[in-house]
Amino acid sequence: MYQLIGAPVSLYTGKVRSYLDFKGIAYREQLATPQVFREVIIPRTGVRYIPVLITPQDQAIQDSTEIIDHLEQQFPQLSIYPGGPRQRLAALLLEVYGDEWLVNPAMLYRWGIDENRRFAIAEFGSVRLPEGSAEEQYAAGLEASGPFAGALPRLGITEHSRSAIEHSYLTLLDELNKHFAEHAFLLGERPCIGDFGLIGPLYAHLYRDPASGRLMQERAPHVVRWVEWMINPDSNRQGDFLPDDQVPASLLPVLQRMFDEQVPVLLETARQLQQWVAANPDTNEIPRAIGSLRYRLGDMQEERLSLPFNLWMWQRPHDFFAGLDDQDRAAVAELFSAEQITALTAPLPVRVQRQHNRLVRG
Ligand SMILES: N[C@@H](CCC(=O)N[C@@H](CS)C(=O)NCC(=O)O)C(=O)O
């Protein structure tokens with residue numbers, strides 16, 4: 001049987017769990033306790049990330065996207081990758097948006113609101129010290145969560161950027177609420193890879209942390225309904241993507257938001273990676289951060305680290321578009337603006353790949 005190593009508080013564990021449940025794949029969930037880190041995660045993957053999937057053949061896979069793509073090959077029925085070029089591209093983009101950008105509101109709301117912060121600390125503690133008393137767990141949670149809470153400024157989540165991140169998130173909730181009032185999932189009656197990208201932050205943090213959950217209930221009940229279908233899939237609800245490669249108009253503002261907020265960061269990261277490679281011609285492994293950049297939300301600007309892993313995710317929609325024939329490109333151009341396509345096709349002079357769970361030059 002498959003084993004999913006992760007934790008209830010973990011964003012990317014939530015993404016994979018939701019996928020396993022949707023597919024009806026039998027698995028056992030194992031809490032990523034310190035002992036499991038020591039005995040399994042670190043020796044088997046060489047890194048300290050969750051989730052990790054252990055397959056029945058005893059393969060250990062880290063990274064939610066690699067796990068899902070591995071399982072898609074084993075369980076091709078009810079594919080989460082739509083066949084049509086427009087739907088497929090929208091799905092791949094929204095996975096990148098959820099995985100690599102909505103982490104910002106997720107982190108801000110978790111660590112920037114006392115009630116959520118206390119809840120999360122207790123939850124971290126229950127993973128670190130499953131048998132401990134509430135006080136022992138809280139103390140352990142304080143220590144275990146330190147690096148996560150401490151990462152906010154490096155992600156550009158500061159007092160200066162706070163209200164712009166809140167505004168962006170609340171507007172996104174309104175946009176998604178309108179969409180999910182009409183559609184079960186992003187692209188119709190079946191979740192796509194984009195739904196699984198969004199569910200990470202929108203479940204583990206923004207639904208499950210108590211103050212964020214109340215906010216979502218009050219402001220965006222259709223988003224709550226979507227989260228609940230994502231985390232508790234009903235085997236009777238196994239429909240299809242919308243016909244004729246349709247991407248509903250209600251998703252266009254969400255895609256535009258990604259192009260406005262996140263894509264400039266991705267393109268600047270690609271530029272910095274080219275410089276980094278020129279300055280480090282003999283180094284194959286790419287560090288987690290290669291410098292810093294200014295990002296913009298509305299008229300707010302703030303500094304954050306440039307994280308080349310983002311480009312590994314961005315290569316997916318980028319390469320998908322690059323591989324389309326003229327007819328499919330024309331179909332995509334009916335949905336995406338010329339500016340969006342220019343951004344999507346901006347060259348990626350340095351390719352990245354993952355090798356033994358580390359990012360290296362491709
Ligand atoms: N891209 C990875 C990200 C995994 C990740 O960042 N997991 C978090 C927990 S949700 C973690 O383990 N962080 C540890 C760290 O950042 O050092 C994936 O999709 O699995």
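The axes of helix H5 (residues 103-112) and helix H6 (residues 114-128) come within 5 Å and cross at roughly 90°. Helices here are DSSP runs of H or I with at least four residues, numbered from the N terminus, and axes are lines fitted to C-alpha atoms over the stretch in contact, with angles from 0 to 180 degrees between N-to-C directions. H5 is therefore roughly perpendicular to H6, a term that covers angles of 65 to 115 degrees. On the H5 side, the contact (heavy atoms within 4.5 Å) is made by Tyr-109, Arg-110, Trp-111 and Gly-112; H6 contributes Asp-114, Asn-116, Arg-117, Ala-120, Ile-121 and Phe-124. These residues divide into 5 nonpolar, 2 polar and 3 charged, where Ala, Val, Leu, Ile, Met, Phe, Trp, Tyr, Cys and Pro count as nonpolar, Asp, Glu, Lys and Arg as charged, and the others, Gly among them, as polar.

The model is predicted: local features need pLDDT of at least 70 and side-chain atom pairs pLDDT 80 or more, while totals for chains, interfaces and linings use all residues. Residues are numbered from 1 along each chain as its sequence is written, and side-chain values use heavy atoms, without hydrogens and water.

The ligand is surrounded by 13 residues, each with a heavy atom within 4 Å of it. The closest are Ile-50, Gln-62, Asp-63, Ser-64 and Arg-288. The shell comprises 7 nonpolar, 3 polar and 3 charged residues. A polar side-chain atom of Ser-64 lies 2.5 Å from an oxygen atom of the ligand, and a polar backbone atom of Ile-50 is 2.8 Å from a ligand nitrogen atom.

How values were computed
Polar contact = N/O pair within 3.5 Å; in protein donor to acceptor, adjacent residues only side chain to side chain. Helix = DSSP H or I, 4+ residues; strand = E, 2+ residues; numbered from the N terminus. Parallel < 35°, antiparallel > 145°, perpendicular 65-115°, else oblique.
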